[in-house]
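Please open the structure in the viewer and keep the selection tool at hand.

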Amino acid sequence: MLTQVYHCGFQPFKQRLVPWVKCTAVSRSHRVQTSAIRHVRSWSNIPFITVPLSRAHGKSFAHRSELKHAKRIVVKLGSAVVTRGDECGLALGRLASIVEQVSVLQNQGREMMLVTSGAVAFGRQRLRHEILLSQSVRQALHSGQNQLKEMAIPVLEARACAAAGQSGLMALYEAMFTQYSICAAQILVTNLDFHDEQKRRNLNGTLHELLRMNIVPIINTNDAVVPPAEPNSDLQGVISVKDNDSLAARLAVEMKTDLLIVLSDVEGLFDSPPGSDDAKLIDIFYPGDQQSVTFGTKSRVGMGGMEAKVKAALWALQGGTSVVIANGTHPKVSGHVITDIVEGKKVGTFFSEVKPAGPTVEQQGEMARSGGRMLATLEPEQRAEIIHHLADLLTDQRDEILLANKKDMEEAEGRLAAPLLKRLSLSTSKLNSLAIGLRQIASSSQDSVGRVLRRTRIAKNLELEQVTVPIGVLLVIFESRPDCLPQVAALAIASGNGLLLKGGKEAAHSNRILHLLTQEALSIHGVKEAVQLVNTREEVEDLCRLDKMIDLIIPRGSSQLVRDIQKAAKGIPVMGHSEGICHMYVDSEASVDKVTRLVRDSKCEYPAACNALETLLIHRDLLRTPLFDQIIDMLRVEQVKIHAGPKFASYLTFSPSEVKSLRTEYGDLELCIEVVDNVQEAIDHIHKYGSSHTDVIVTENEKTAEFFLQHVDSACVFWNASTRFSDGYRFGLGAEVGISTSRIHARGPVGLEGLLTTKWLLRGQDHVVSDFSEHGSLKFLHENLPIPQRNTN
């Protein structure tokens with residue numbers, strides 16, 4: 001007989017005390033007494049958040065990104081997740097976090113079910129306490145002494161522990177779910193309940209009725225009566241319920257669930273035992289991959305090991321349910337592991353029946369690493385030859401490139417804003433400019449990798465060199481900028497770095513052909529794999545977690561993209577700037593002829609660029625002068641919307657709209673104007689509201705200009721020049737991977753030099769440190785040696 005009990009609890013709502021309601025039902029008929037529950041739930045007017053979650057069951061999800069569409073979800077909590085490390089008692093903090101995540105998903109309109117362990121551990125804690133208490137009383141009575149002797153606790157039988165722990169475990173779940181105004185129902189099952197057709201139908205009907213009433217079923221094997229599992233007892237095509245892993249898989253298929261989440265104490269499946277030096281987490285596991293996995297011992301508690309989990313997962317997958325095995329015990333991730341999985345984030349091991357056509361991003365990272373190392377060993381002339389060949393291909397294959405770009409433009413029409421469409425567009429002139437820039441990079445790359453920066457004679461026959469080397473593997477993420485791909489690829493080739501490229505889907509056709517041309521150029525020296533284009537459905541946030549494969553992330557796109565990547569990157573440095581709030585200070589001694597040209601070019605030439613002018617600072621003495629009037633007239637002609645800063649607004653009777661924030665990057669034909677009293681106040685304003693990108697002074701006073709140049713702490717500081725000169729191509733770097741406002745490593749437009757680091761080479765002859773001790777035979781010389789000049793012709 002299968003017995004199930006469910007509990008409904010509600011907190012006070014709007015000062016109304018709502019009583020507990022406890023309902024029980026026996027599965028003999030599986031009629032659920034629902035009238036009391038329906039009555040109680042009608043008292044709560046908290047709306048359920050519903051989202052469109054539905055799909056035809058029968059085929060599992062092919063990709064992680066589809067998991068957000070899962071409607072019906074089973075979460076299996078392993079014994080290691082539920083219990084404490086001493087196996088006596090429950091991990092209350094973890095359980096509370098899991099209940100919160102399940103409640104959040106339930107209130108989104110999903111149908112959540114829990115398969116939980118823990119009754120044995122909870123019962124063991126209770127029984128040990130009772131035994132200790134009774135023993136201490138008996139010993140006190142018999143000995144008559146206050147000091148108790150050491151007491152031995154007998155081995156507790158698991159079924160007795162389960163019987164003692166079931167009610168307490170359910171009461172705990174009940175109390176936790178009540179905090180979110182959610183009902184929980186307990187159902188205990190055995191293997192026989194699945195072999196009997198009538199009982200299976202009864203169980204199925206009960207679960208569907210509970211889900212229909214927004215109640216979370218909590219299912220467990222009835223360990224108080226369940227017999228030991230028999231080896232190899234699976235029926236033909238049916239998995240037997242030997243443990244909670246097989247129970248969860250069986251329920252998932254019986255209930256036609258979309259997703260089964262199996263939480264354990266390991267991150268997922270590894271290709272070798274977790275903790276070993278070469279162990280790698282398997283991101284996606286496919287049927288037939290069992291031979292690539294080495295199964296270790298089972299967890300410290302529970303009945304099933306990882307092999308049982310994989311078997312159960314594959315059985316569920318075959319039945320049309322997607323499966324993820326993940327870690328539910330890690331303190332840094334357990335608080336959001338379930339919601340992260342449902343959101344499609346790369347957590348644990350995802351079981352899929354659909355193998356991708358190409359390599360995984362992890363495999364691409366490894367190919368970029370090995371290809372980059374081969375690239376770094378080439379002669380400078382060979383790397384330059386590759387870049388020259390790529391430049392030739394950009395012009396020779398112009399028609400094919402523009403045809404692919406035309407497809408992107410047609411698909412993006414009406415979906416992208418005008419500035420983004422302009423970035424997406426390629427033209428003959430753009431391709432010609434790209435080719436010129438690439439040839440500049442090729443010329444400057446002759447003396448990049450392996451350049452000696454310093455030589456020191458440490459001692460006789462012991463010489464030290466510091467030489468330039470590639471950083472390693474770069475991840476460049478870019479939006480709506482297909483011209484970025486060959487630029488960045490050329491810089492990576494010149495600096496000997498491996499490269500992973502992640503472009504926006506709006507430029508998919510353009511990126512594909514440009515990457516093919518890049519690999520064609522790389523092939524002339526056998527390093528085709530050094531540059532990889534990520535075409536899989538990897539989320540940017542997931543890519544930013546590949547800290548063992550990527551050495552530097554370079555975002556190219558909107559300020560929001562850069563901020564998101566800086567936030568998501570875990571252990572990987574990010575080179576870039578989150579904002580381009582560029583200032584121009586017009587001094588009282590500025591030239592009338594220069595000001596309007598500089599302001600127009602800085603603001604209107606390309607307002608979407610990160611080096612476009614956003615705030616114009618005017619010296620107070622220039623207000624109500626012909627120069628000021630000329631600036632305003634020019635901005636009106638160019639249709640620039642003006643926002644007045646607080647001080648500027650105070651000087652005007654009828655002012656433009658007052659600026660909401662002085663720290664704004666408009667990226668459009670909009671400009672903030674503010675008034676300052678002198679150059680020092682302009683510098684203070686820039687330091688307070690700027691982004692350390694590019695800032696300009698317009699003046700004919702050389703002393704004032706030099707003061708500004710020396711005191712403004714930005715990556716680029718100009719005198720009488722447009723902000724738009726802040727660009728790698730215009731600086732003569734050939735191209736840039738981005739503009740960095742960081743104060744470490746590289747700053748400003750980052751070209752070839754910014755993609756290099758250094759290493760130390762020490763050449764000796766049987767030198768040991770003890771020879772340089774107080775009584776040693778050698779002394780340190782530390783002589784600077786001349787640096788050899790490399791032939792770059």
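**A covered helix**

Select helix α8, residues 244–254: this helix is mostly covered, with ten of its eleven residues buried. Buried means under 20% relative accessible area, taken with a 1.4 Å probe and protein chains only. Helices are DSSP runs of H or I with at least four residues, strands are runs of E with at least two, and both are numbered from the N terminus. The model is predicted: local features need pLDDT of at least 70 and side-chain atom pairs count only at pLDDT 80 or more, while totals for chains, interfaces and linings use all residues. Residues are numbered from 1 along each chain as its sequence is written, and side-chain values use heavy atoms, leaving out hydrogens and water.

Among the buried residues of α8 are Asp-245, Leu-247, Arg-250 and Glu-254. Next, select Lys-256, which follows α8 and has a positive phi, near 55 degrees.

**A pair of helices**

Now select α12 (residues 380–396) and α16 (residues 484–495), which pack at an angle of about 165 degrees with axes 9 Å apart. The axes are lines fitted to C-alpha atoms over the stretch in contact, and angles run from 0 to 180 degrees between N-to-C directions. The angle makes α12 roughly antiparallel to α16, a term for angles over 145 degrees.

Show the side chains in contact (heavy atoms within 4.5 Å): Arg-383, Ile-386, Ile-387, Leu-390 and Leu-394 of α12 meet Pro-486, Ala-490, Ile-493 and Ala-494 of α16.

**The whole protein**

Finally, display everything: the protein has 24 helices and 26 strands. Of its 793 residues, 52% are buried.

Notes: Angles under 35 degrees count as roughly parallel, over 145 as roughly antiparallel, 65 to 115 as roughly perpendicular and the rest as oblique. Buried means under 20% relative accessible area, exposed over 50%, partly exposed in between (1.4 Å probe, protein chains only).
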